Amino acid sequence: MLPLTSGLGDRRRGGWLGVALALLACTGTAWAEDGYALWMRYVPVDATSAGGYRAHAQEIVAPDRTATQRVAREELERGLAGLLGVMPRLRTTLGDGGAFVLGTPQSSPWVAPFRRDLQALGDQGYLLRSARIGERDVIVVAARDDVGVLYGVFHLLRLMQTGASLDRLEVRESPAIARRVLNHWDNLDGYVERGYAGGSLWDWHTLPDWQDPRYIDYARANASLGINGSVLNNVNANALSLSPDYLRKAATLADVFRPYGIRVYLSARFSAPIEIGGLATADPLDPDVQRWWRKKADEIYALIPDFGGFLVKANSEGQPGPQDYGRSHADGANLLADALAPHGGVVMWRAFVYAHDVPEDRAKQAYNEFVGLDGALRRNVLLQVKNGPIDFQPREPFHPLFGAMPRTPLMMEFQITKEYLGFATHLVYLGPLYEEVLHADTQARGPDSTVATVIDGSLDGHALSGIAGVANIGDDRTWSGSHFDQANWYAFGRLAWNPRQSARDIAADWVAMTFSRDPDVVTPVVDMMMASREAAVDYMTPLGLHHVMARGHHYGPGPWVDGGPRADWTSVYYHRADRDGIGFDRTSHGSDAVSQYAPAVAREFDDVDRVPESLLLWFHHVPWEHRMASGRPLWDELVHRYTHGVRSVETMQATWDRLQGRVDAERHRHVAAFLRIQRNEAQWWRDASVAYFQSLNGRALPAGETPPAHPLAYYESLQFPFAPGDGR
Ligand code: GCW
């Protein structure tokens with residue numbers, strides 16, 4: 001090991017932090033494993049790997065003229081201090097030891113010779129290569145821009161964190177999707193809608209004067225995944241976010257994030273010209289309104305020169321919008337797009353729209369509203385479409401708009417926060433859900449028209465592309481409210497960079513970095529994660545059921561939910577169960593939602609014998625005796641699935657128990673406690689659902705199945721006025 005003091009004279013910002021970390025690395029993990037460090041723990045690697053890595057770690061040769069260049073080399077320094085316990089010399093010219101060489105052809109003469117190798121890379125892409133420069137064996141982290149170098153450093157650190165060899169290193173990466181964005185549903189009072197990880201990270205009250213150091217760690221974590229945008233405020237927006245005071249606060253966050261390649265965006269309230277502009281209307285065709293938005297955009301860009309743009313929820317769930325003035329969504333989106341265009345900003349207009357007064361199947365409404373607007377939106381508008389046609393349910397078919405608007409860049413909206421998947425307490429790894437949707441084949445232009453090819457712009461030739469995840473981040477020490485929910489932030493980021501990756505591989509990286517590289521930990525934990533989403537589907541909404549949770553806060557089961565302001569906010573609307581059968585008939589004989597898909601997909605979904613059983617009750621209303629692939633009647637299969645979901649959680653508990661001693665005690669205890677909550681809530685879901693459906697069909701439980709612990713009335717009587725995250 002190099003002496004800890006080596007190269008200190010050449011050290012600038014971040015050096016002392018590195019020294020402290022190196023000391024910690026030498027003394028082992030002396031700090032508490034409370035989850036704060038996320039997947040960037042940088043704990044010492046084993047001696048064999050360390051030997052190989054150290055050969056390169058005598059020097060970091062990197063430019064330090066820009067803020068991004070500095071954070072790239074600081075991160076590498078921090079990582080090496082932790083992983084290897086070494087303090088490489090920081091240099092701007094190549095010395096005589098093994099080195100990591102960072103830079104772009106413009107920023108570093110040592111990288112300039114790789115210019116041609118970089119040509120095929122996209123913006124923010126990077127090259128990692130083991131190379132010889134003169135007599136020196138070096139690892140090159142090269143990119144066309146500074147942010148690419150930063151991303152390359154994080155990739156290099158990941159390789160070391162997961163124990164990969166750096167010999168014959170040749171990695172080329174370019175992001176598939178241009179805008180990789182987190183949507184925070186954070187209100188200005190610090191409350192996070194559908195947030196289960198404490199309050200908002202943004203302390204609007206103390207901004208802009210106080211910049212919580214946590215903002216930097218937030219930016220580091222996102223940059224480590226390639227996330228390059230952050231919408232700071234809730235789509236149920238408050239117009240004050242656009243007032244001068246709040247813009248100055250947002251500008252400060254933008255300043256903090258900028259070195260990490262993260263642009264700030266804001267959710268814009270459509271009626272802001274009235275609320276903070278003093279106008280009498282927000283009509284998009286009104287010249288005063290147009291002028292107001294242009295001036296607002298000018299004001300924003302004067303403060304935030306790289307402002308990303310606006311996210312808008314309009315004419316949805318009570319939010320104001322262009323339809324309030326008899327105008328279309330295109331009129332509304334184009335109004336904002338025209339104001340932002342001179343500055344290079346974009347509008348992310350949400351397709352999550354369903355009307356109050358339309359008796360149409362809710363699953364069809366967004367498509368009906370938007371499909372006719374293809375080609376009518378400005379070039380700087382992205383339509384942000386939820387992964388499925390209803391609302392972030394444990395399982396939905398892909399949204400029929402994907403593939404149906406070839407002239408419009410469609411961006412994906414996933415939910416990372418688990419509003420419908422057990423909040424923060426249930427261990428549900430969302431990688432398989434994201435993967436299932438991204439890899440689904442829309443068949444829109446023939447086979448291999450996957451959702452991924454729609455949103456990365458390749459199917460229809462769009463340069464503008466995007467993907468958003470509704471953040472699960474709050475001020476909880478774990479960031480995400482639980483240790484395992486960090487994996488969902490992580491998987492979102494990795495899939496946003498490359499939607500073709502496998503959720504399993506991503507989980508394996510995450511476990512190795514977050515808990516342990518020991519294969520006896522990685523393998524069982526990855527298996528547990530990979531099975532977890534299906535477990536939740538089974539104990540909550542098996543076989544294509546959806547939207548059967550409790551009203552309002554969505555905590556726990558509520559298949560009996562009926563009445564209230566609108567039918568499509570009830571459960572009975574969606575499951576349509578009665579004495580004879582269950583399921584929503586969306587076939588050509590029913591609501592005909594299937595016809596919104598490309599013909600090959602529509603035919604499959606329309607046919608009760610071909611539709612995947614996992615979506616059976618989404619598309620079909622079938623009798624309780626309907627014969628399933630297992631040979632069981634539907635009712636028996638349904639009960640079997642519910643029970644199987646509970647058993648799967650018990651299997652997760654057993655797996656986790658066996659890992660005691662292999663995972664640090666603090667996090668082990670936390671996860672074990674949450675798994676107990678999940679086990680009990682899985683049983684609650686199963687029992688309440690079985691009791692309810694049995695009350696309708698009067699059927700006996702299949703042999704061997706245990707009756708629900710309580711009568712139906714008990715489950716119906718449960719109230720949770722303080723359940724977290726409720727909309728307000
Ligand atoms: O899933 C629903 C949530 C609302 C949310 C809405 C939306 C921000 O229950 O809380 O509002 O979706 O996506 O707009």
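Glu170 and Arg129 form a salt bridge, with their closest N and O atoms 2.7 Å apart; the term stands for a side-chain nitrogen of Lys or Arg within 4 Å of a carboxyl oxygen of Asp or Glu. The pair links distant parts of the chain, 41 residues apart, with Glu170 in strand S6 (residues 170–173) and Arg129 in strand S4 (residues 126–133). The structure holds 52 salt bridges.

This is a predicted model, in which local features need pLDDT of at least 70 and side-chain atom pairs count only at pLDDT 80 or more, while totals for chains, interfaces and linings use all residues. Residues are numbered from 1 along each chain as its sequence is written, and side-chain values use heavy atoms, leaving out hydrogens and water.

**Domains and annotations**

- An automatic or database domain assignment supplies the domain bounds: domain 1 (45–173), domain 2 (179–514) and domain 3 (538–584 + 621–717).
- UniProt, in an unreviewed entry, lists "domain: Alpha glucuronidase N-terminal" for residues 38–156; that span is 34% helix and 23% strand, and its end C-alpha atoms lie 17 Å apart.
- The UniProt annotation "domain: Glycosyl hydrolase family 67 C-terminal", also from an unreviewed entry, covers residues 481–704, where the chain is 54% helix and 2% strand and the end C-alpha atoms are 37 Å apart.
- UniProt positions follow the numbering used here, feature names are shortened, and annotations may be inferred rather than shown by experiment.
- Helices (H or I, at least four residues) and strands (E, at least two) are DSSP runs, numbered from the N terminus.

**Interface of domain 2 and domain 3**

- The C-alpha centres of the two domains lie 31 Å apart.
- In contact (heavy atoms within 4.5 Å) are 27 residues of domain 2 and 26 residues of domain 3.
- The buried area, meaning accessible area (1.4 Å probe) that two parts lose on being put together, summed over both, is about 2200 Å², with carbon and sulfur atoms giving 59%.
- Thr425, His426 and His483 lose the most area on the domain 2 side, together 25% of what that side buries.
- Zero salt bridges are found across this interface by the rule.

**Local backbone features**

- The peptide bond from Leu207 to Pro208 is cis, with omega near 0°, and Pro208 lies in the loop between strand S7 (179–183) and helix H6 (214–225).
- Tyr42 has phi near 50°, a positive value in a residue other than glycine; Tyr42 lies in the loop between helix H1 (15–26) and helix H2 (47–54).
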